[in-house]
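Welcome! Please take a look at the sequence and the 3D structure below, and then we can walk through some of the parts together.

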Amino acid sequence: MVNVLRLDEGIIKHGVDFALANGASYSEVRYHKNVSDSVLMRGDKIAGVGTEVKEGVGVRVIVDGSLGFGATNDLSREGVERAVKKALIRAKNLSPLRKTPIRFSEERLGKADYAVRFRKSLSDLGLEERVNLGKDLFRAVNESVKDAKVPVTMFELATSEEEKYLVTSDGAEVHSLIPRVSLMLNIILTSSEKGSLQRMMEFGGSGGAELLEDWRPREVVSDEVKRLEKVLLKGVEPPKEKVPLVVGSEVVGLIVHESAGHPMEADRILGREAAQAGESFVKVDMMRNYRVGSDKATVIEDPTIPGSYGYYLFDDEGVPARPRYLYKEGLIYEALHNRHTALLFGTSSNAAARAMNYSSEPIVRMSNTYFQPGDYSFEELLDGIRLGVFMKSYMEWNIDDRRWNMRFVGLEAYLIKDGELDLPVKNPVLEVTTKGFYSRVEAVGRELRFYPGTCGKGEPAQGVPVWFGGPDLRLAKIGLGVSA
Amino acid sequence: MRESIEIAEEIVKGLKTEFDDVTAIVTSKDESMVKIWNTEPSIVQSWIETSVTVYIAKNRRTLVLSLSIDDPSEIIKRVKAAGPALLKLEASDIYAPLPEPTEWKPIEGLLDRAIAKALDDPKDVAEAMIASALDRGVDRVAGTLDLVYGKRAVVTSKGFSGEEKMTSVEAYLRAFKDEMSGHWAYGARHLDLKSIEEVGDKAGYYATLTDRKADYTPGKYDVIISPLVVGNLVNYVGFMASAAAILMGYSMFLKYKVGDKVASEIISMYDVPRDHELPSSTAFDDEGVPTYDKPIIEKGILRNILHNSGTASKMGTKSTGNAGLIFPIPWNLRLSTGSLSEDDLAAELENGIIINNNWYTRLQNYVEGAFSTVSRDATLLVKNGEVVGDLGRIRISDKIGNLLKNASALGKTLYKIKWWEVETPTKAPYMLIRDVNITKPFA
């Protein structure tokens, strides 16, 4: 084991056997520990320091064709047995309402032990060092503005370690340890004449404290604040006519997460998340034959990217992870599956089952989703555009519950005139359907960049770390709105 | 299993000699949730958990630890281990000593034995909710039924010690008929089967209201929003009324002060922690301060910002009993009512749009309140008082301040709403708002 479990492995294995002995046809027990440390600062002053330890076991059983989940943080043998019993009793009592029994697909399951390696341990990152970074970034923001005011900045640095040990009744046994770092900054710039502008910047990845150096946050923040001040003070309205739109990689990343990743989750396609997270415009019979975009539109989902925020090598059902093509050359291609949806689709799981913590059932989730890069430089994307817009970043966004009608409001954006960036543009709105977006992709940049996020889904809601990304893209002419 | 209050008291006793302030909050619960998919249960989830939050302060340095451990000696050991690093820090910017305890009055009726009984076998309740939707002729339903029996104990080093036992139910259902859908939700302390059936019935009602499609052009419309949509939007207003949201830059109230007009005079919005019907009701906050009901907005005027001791000290006022150790929170929200029935409201609308439900509310700028949100169930175009068809998914793109100021009529019935998009339980009516900006995709 790469780390010493607080819980005796034998108790976990006993939980699996105990469920089978009490009537389960399938059982799994997952020890899951999330430890996080965070510092919250308002301006250059500490607002809060926190530590969270969430440690327990999550149990799943199938009994009489009904699926039950039980979670407890009582890690004694009796505590685990009690969680198993509750899961069994309650699932059994609901089984008369099921018309078809729940079953899982047969899979080649993992027996593995892996950990993310780091150069600098998170335990070596002292509280003072964390606070000093917050102060540095506060200074970077304030020293970067000339005329605008900065009434509020908020800084949050969180480091975490996630350890899991999964045992299933059909042979999976996987232990993993993943450290992560995330940094978030909320900045408000105001001008008495031009109003205000708000930006939330995020950095995130798996690894150790070295990420805080790799990201060069002081430089990145300083450069961006200088540009945002110009947007606030000099921003003009977007053109009224339809224009080519160059969509920056940050916006592209969010678009593929929302309009390729989510609609390709098989549980949505089948309606399991219908009440809350919603359904999908994608239907089962669209796989590999429905055209959603131009042949330049390829979107990939890959949990195995080293250093990524959504990194894992085996999912929470013990299935080995691999890259998947969600959209391939404009075609709807491969849905994200767990072992239940895979069986219903008549295919194999592609390891998309993730649980946020021990209190959460594993459900179909994204990990790292990105638009496949092409071969254009940024200058080549702009080349030949007489009048257009470049939307580099965003604040407001949303999409409907079928993942079709979406909106992204640009924050840092510029006019493009005669192939070059010109005046900043204030709050341009890209409001477009999924097909409308992917069908308009006419040129794809070559530089792939990733951005972190916490993706929400599930009942109760589960937030899991993900990356989304892509290169800059050029869309054929489209109308743009203006934010209220 | 040990009582929550005993665990909390032992933690505070073990730490109070070493720190200036100590608070221990211990919550334990037995919870079961039935998730419904295609009219049958997809999973039954159970949680048997105890979690502990400890707040410590020394020389104005503060630390909050949240631990899923219920062994006081282990907790004390971990908190003490964190102490030395704490002292190296600078003082917290948002600190006040814990308040001296004052008398608190328990709230009657937080516990419903029927919920405790139904935890192991919620089949009949789930079935009743499903059946009432199917009675409307829908094709299928999806949703959840969540039942909780829990305890919450708060003990402080200043001598406050309080424990509450409570139950709650949260139910929501989405009903589908061909391409149409309807949605309803309910959250309360008590298991009232009639209200559970109403969830299915109203979801079924909206799913079957029309089978016609309608289209629209972007622009300004008069809109009736259902209590689900009202609940979602006022949850943002409640969040922004937290002093911490204002201090951190997440609030349109950065631009206002108490006494300013922020809404139409028909709008009053109260924080109601002592409303025993709503599932976050509590007699004391996380610092042991007694809670009380208070207006956030009254007749359109901003009346109160929500505080804990730290934010109150920072802003030169008193706690409002809304701690949240770091972030003050509204407990439950209640809106004012009007005099109109739902039919009267629709008649008042005459021409416009009725929105059953929404999701994905996001802000471009909290200070300006610029936001958009997307409808997700029945979205009905009304012409000359008649529903002419469903518009599909449309988007409200406006400012929250505009909506509050343009509210022109309220329904006379309050619904108890809680679901994924309405996290703070809210008693909300239907609301008619004039001149709401509606947008549409360009391609």
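## An open sheet in chain A

In chain A, 4 strands make up an open sheet with the order 16-17-20-25, and their pairing is antiparallel. Strand 16 (394–399) and strand 25 (481–482) of chain A are at the edges with a single partner strand each, so one side of each has no neighbour in the sheet. Strands here are DSSP runs of E with at least two residues, helices are runs of H or I with at least four, and both are numbered from the N terminus. Two strands count as paired if DSSP finds at least two bridges between them.

Strand 20 (residues 428–433) of chain A is joined to strand 25 of chain A by 2 bridges, in the antiparallel sense. Opposite Pro428(A) stands Val482(A) in strand 25 of chain A. Helix 6 (residues 249–261) of chain A lies across strand 16 and strand 17 (405–410) of chain A, and runs at about 15° to strand 16 of chain A.

## How to read the model

This is a predicted model, in which local features need pLDDT of at least 70 and side-chain atom pairs count only at pLDDT 80 or more, while totals for chains, interfaces and linings use all residues. Residues are numbered from 1 along each chain as its sequence is written, and chains are lettered from A and ligands numbered from 1 in the order in which they are written.

## Two helix pairs in chain A

The axes of helix 1 (residues 9–21) and helix 2 (residues 77–94) of chain A come within 10 Å and cross at roughly 30°. Axes are lines fitted to C-alpha atoms, for helices over the stretch in contact, and angles run from 0 to 180 degrees between N-to-C directions. Among the residues of helix 1 of chain A that meet helix 2 of chain A are Ile11(A) and Phe18(A).

Helix 3 (residues 127–144) and helix 5 (residues 217–234) of chain A pack at an angle of about 25°, and their axes are 8 Å apart. These two helices of chain A, helix 3 and helix 5, are therefore roughly parallel to each other. Leu137(A) and Val141(A) are among the residues that helix 3 of chain A brings to this contact, and helix 5 of chain A brings residues including Val221(A) and Val225(A).

Strand 1 of chain B runs antiparallel to strand 2 (residues 40–58) of chain B, and 17 bridges join them. Asp30(B) has Ile48(B) as its bridge partner in strand 2 of chain B. Strand 1 of chain B also pairs with strand 4 (residues 140–156) of chain B over 14 bridges, in the antiparallel sense. There, Lys29(B) has Gly150(B) as its bridge partner.

## Where the chains meet

In total, 75 residues of chain B are in contact with 76 residues of chain A, where contact means C-beta atoms, placed from the backbone, within 7 Å. Strand 2 of chain B gives the largest share of chain B's side, 11 residues.

Strand 2 of chain B also runs parallel to strand 3 (residues 66–72) of chain A, with 5 bridges joining them. One bridge partner pair there is Gly70(A) and Ser46(B).

Terms used:
Two residues are in contact if their C-beta atoms, placed from the backbone, lie within 7 Å. Angles under 35 degrees count as roughly parallel, over 145 as roughly antiparallel, 65 to 115 as roughly perpendicular and the rest as oblique.
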